[in-house]
Structures are given as C-alpha cells and as structure tokens.
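Keep the structure open beside you as you read.

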Amino acid sequence: DELKESHLPVVEGTLDPCDVSYNMPSKGAKGLWRVRQALEPLIIKAEILSSFSSFSGYGYPYEDIEGLWMDLLYISGHAMDFLMKEDYEKAYYTGLKAIYDAKVLMKENMKYISSIKKSESLKEIMLFNVLNWKRSEYVNLKIPFPKGSKGFFVRDKEGRVLEHQVIAYKKGDIDYGSSFFNEADIILKSEIPSFGYACVFVEEKDESSSPETFNLDNDIDFNINNLSSQVIDNGILKIRFEKGRITSVKDKLNNELYNASSGFLNNIRYLRTKEHKKNSWLMSNHIIKTDETEIHKYYFEEYGPLRWKHVCEGFIGENKIRQETLIYKDRRDIDFNTQIICGNNEKGFFTVSFPASETPDIEADIPFGYEKKDLKNEPYGILTDNIVHNLERLIKGFFYAKSHVKYDDNYSKKALISTDCGKYYIHDEDELSLILTKIIN
C-alpha cells in the first residue's frame, strides 16, 4: 500500500543499450566477456546437478559453489578489459580455472548419479537435462569400444532402435583382429524430461542382429556432393547453397520462400572505424571502410541423414575465417559456428548480417522479459558535450539485447540468437547485424 501511495514516477522508453560492466566483445576468445558468459551458466548447471545428487545422499558442495560465484564476481568488475594491465592475465586465468572447476563439479555429480542408476548388463549412457522443461534434442556421443567392434546400434529404455548418424570412427593403437574401430562419434535424437535424465543403451552387433537396425560403412567419405549449387532438404526447410553461402530458404510447412536480398543469408564483414572527438566506448560514427568475406573453399563435412555440416573457409581483409553451417533433420533453426583469426590491428568490429525489413518490428530479449525497440524514434548522434550521454549512441540503429532478437524480414518473423557472442546489434536499412567482436589497438 505504501508503494501505491508513494506515486513513484513512471519512465517510458527503451533500456539504454550500454552494458553496465562495459562487457563488450573485445579481445576475442581471450576477453573476460567470453569467460564471464561461459562461466555463469556452468555454475548454474553445477548447482542443479549438485541438487540432483544431494537427493540421493551425495553431499552438497556449498563452499565449492560459493567459490565459483566469487570467482565470477572477481572477473566482472567495471571496464576490466581496458583498465587492467598487469593483473589482466591473473583475472583471465582465474576465470578459466573456475570454468574447469565448474565442469569437474558437474562431472563428479553426473558420475555419482550414474553409479546408482545405471544397469550393469549393458553399455548405458545417461543424458541429463538441467532445464525445467522436457527437451527433444540432438546429442553428440562418443562411444568407446575397448576391444574394438564391428558395429553397434542404440536403443532407448523401451527397446526401440534410435536412428543415429556416425560422424567419425577412431581406431586405437591395438588392432583386435577384424574389429573396425575403438571409438565411435555419433549424434542421435533423444527426449529428456525436465530436471531429469534419460538413458540410451548401446548394443554391439552380433550374428543375430537385424540388418534393418544396423548400417556400417567403414569407408565413409564426408566430402561428397561439393557442388557450387546445392539444396539441402531437412524435412521442414529447403536450404540453397551457392558457392559456399546460403542464398535462400524455403519453409515447406508455410510455403514461404526466404531470399537473401543482399545475395547471401549471413554476410560477415569487418567495419573499420575512425576515432570521433567525442568517441563512445564501443562504437564510432566514422566507418571508413568495410571488408567483405571472400570464400576460397567450401565443402560438406557431414551429409545427413540427421545432420548436415557445411564448411566455408576464406578471408575478411587480412583476417582468416572458417564458418560451419549446421542443419538438423526436422528442425527450423540453422546454426552457424564462426571462427575468425584476427590478422590486423586496425580499429573496427566484425559483424554478421541477415536480411530484415527497412522498418522492422523488433523485440529484444532483456533481463526479465522482452522489449520493443522503436529505433526510428531513438536519440542517436551527439546528444550533449558530456561523453557519458553519448555512450553507444553514435551509430544509428545500434541497440542492446541480452541473448536474442525477434524481427521481421518482409516475409515472416525470425529470431537471431547469440549463443556465445556479444549483446550488441545494429539495424541498418534492410539488414540486422550482430556484433561478433571488437578490435581496439
């Protein structure tokens, strides 16, 4: 009641697109921003798995969990990427050690749960879900065969054979007669209940195995069908590749054709910038040059039936790039894993761009909810002579989102999800871009 009577002021508008800790994506993979983003979800997973095992009598690691949170707080100070010099390596490796410790803690708890739940008669693999909803996911498994094997198949707890795709076979140092491999790297799809686990069982091939349940080709060639133009049909989407890049996507369920207006679906660029006399921490309104991606090589590393992995390699200016495009059977999303090896020291930033409408309806994921971004009415440019008032405002269309953005592209609604990249986005004319990393010399 006191709050109702206090007549607190109501402020309308969007959140300023400036990370409180200036947690911008600088220094690439060695940036504290990357360590922070990796560490926080690992601690949460370790907490949940520790709770799982504590229900069965395993002691909860209160001090270990608290130590991990303290390490995260230690590397989350204001502007540490720029202000710290001599102590930077200490902070960085403190974060890396915390990541390792969190993974060890997760593994110890999963090992304990597995030890009291697993069957002794079969090769059983336990899959954990630390989220509070049921998930149907593709998972990657490495299945060891200490004495080699001629083949195998995978069943669920009801005994049904699960379709799987072999990614690679690895032979050990010892040759066990006519065995083919000592480890198989596979993917399969499994359903896992919320806050729980599911089990799959690996059975090795024998003379009585049905040929319908087993298919092994010891001479798999993943570098097939490397044509300059090709269409991948995953059951829901038809995705066209032209010379290593996606040019169109057809949604078979809605009969929608999604064409890339700029020629490619995901344009990766390097925008070289020049200092402004009232420069912001991250962005400058002087973009002096744009380097486009030049593809030198493209090929398929995997080719169905559950996953297709298309790889393109090339350069952005002096910077080497490798991008993997992952397409899964009966899934609507397309995943991009991008690696850039920076070869220059000129100021600027890397972006990946996707087609969007000129005035898109944008909803951004912010802490505790969604927020509409009315970019045309946002105050961009030099607002005052105080540099703080101009933070992240010198490039038109620049905004912040926690992990993803929903937008339209003249065809339908899309979502651009930043799995482990930064939180900064730009809308410019008919493209929506995610900033991958920032170079500061």
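Arg240 is partly exposed, with a relative accessible area of 32%. Here, buried means under 20% relative accessible area, exposed means over 50%, and partly exposed lies in between (1.4 Å probe, protein chains only). The areas themselves come from the Shrake-Rupley method with a 1.4 Å probe, and for residues only the protein chains shown count as cover. The partner of Arg240 is Glu242, joined to Arg240 by a salt bridge. Glu242 is also partly exposed, at 26% relative accessibility.

Before going on, a word about the model: it is predicted, so local features need pLDDT of at least 70 and side-chain atom pairs count only at pLDDT 80 or more, while totals for chains, interfaces and linings use all residues. Residues are numbered from 1 along each chain as its sequence is written, and side-chain values use heavy atoms, leaving out hydrogens and water.

**Salt bridges**

A salt bridge is a side-chain nitrogen of Lys or Arg within 4 Å of a carboxyl oxygen of Asp or Glu. How many salt bridges does a search of the whole structure find? It finds 32. Here are some of them:

| Pair | Closest N to O |
|---|---|
| Arg240 and Glu242 | 3.7 Å |
| Asp291 and Arg272 | 2.7 Å |

Asp291 and Arg272 form a salt bridge. Asp291 lies in strand β13 (residues 286–303) and Arg272 in strand β12 (residues 267–274), so the pair ties together parts that are 19 residues apart in sequence. Both of these residues are buried. Helices (H or I, at least four residues) and strands (E, at least two) are DSSP runs, numbered from the N terminus.

**A negative patch**

Which residues gather in a patch of negative charge on the surface? They are Glu63, Asp64, Glu66 and Glu108. Patch residues have over 30% relative accessible area and no salt bridge, and like charges are joined within 9 Å. Asp and Glu count as negative, and the place of a charge is taken as CG of Asp or CD of Glu. Helix α3 (residues 62–74) gives the largest share of the patch, three residues. Glu108 lies in helix α5 (residues 88–117) and is partly exposed, with a relative accessible area of 39%.

Technical notes. Patch = residues over 30% accessible without salt bridge, like charges linked within 9 Å, V, L, I, M, F, W, Y side chains within 5 Å.
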